[in-house]
Amino acid sequence: MNSHQTFVKVRYAETDQMGVVHHANYAVYLELARINWLENLGISYKKMEESGVMLPVYDMRFSFLKPAYFDDTLCVKIELRKQPGASIIFDYKITNEEGVLLTKAETTLVFVDMQTNRPTRCPKYVLDKLKA
């Protein structure tokens, strides 16, 4: 599965005085989408870390096209750009209930061995799930 959709209801605390989602919240929305994408593959991020591999964000880019507002239900579509090696790259599109594209984003995360704190290859069980 190379893509997945996650739905997020915008909470009041995520908005500014004008009712617009503050840009800092978008990083959280992307993280929710990544965790759900992994879960949909049958992979627990918590168990990945317990096995000694973490996935810190190396690069994150946004294009804010239109605002999202309090009480909107956002669809965060995540798509795997290519087969992972030592890093994994995702593209995202965030739309509102009407399907209007609000935000585009991309992230690069690096697989890191938690004992050595050095980059490592994508775990085989992740690659196996991507091939299934």
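**View 1. Strands β4 and β5 are joined in antiparallel fashion.** Strand β4 (residues 73–80) and strand β5 (residues 87–95) are linked by six bridges; helices (H or I, at least four residues) and strands (E, at least two) are DSSP runs, numbered from the N terminus. C75 has T95 of β5 opposite it. The model is predicted: local features need pLDDT of at least 70, side-chain atom pairs count only at pLDDT 80 or more, and totals for chains, interfaces and linings use all residues. Residues are numbered from 1 along each chain as its sequence is written, and side-chain values use heavy atoms, leaving out hydrogens and water.

**View 2. Five strands make an open sheet.** Their order is β1-β4-β5-β6-β3, with antiparallel pairing (two strands pair if DSSP finds at least two bridges between them). β1 (3–9) and β3 (57–64) are at the edges with a single partner strand each, so one side of each has no neighbour in the sheet.

**View 3. Helix α1 packs on the sheet.** Helix α1 (residues 25–41) touches β1, β3, β4, β5 and β6 (101–110); contact means heavy atoms within 4.5 Å. Just after α1, G42 has a positive phi of about 90 degrees.

View 4. Buried means under 20% relative accessible area, exposed over 50%, partly exposed in between (1.4 Å probe, protein chains only). Other buried residues of α1 include Y29, L30, A33 and W37. R34 touches V57, I78, F90, Y92, T107 and L109, not counting residues up to four places away in sequence.

Technical notes: Axes fitted to C-alpha atoms, helices over the stretch in contact; angles between N-to-C directions.
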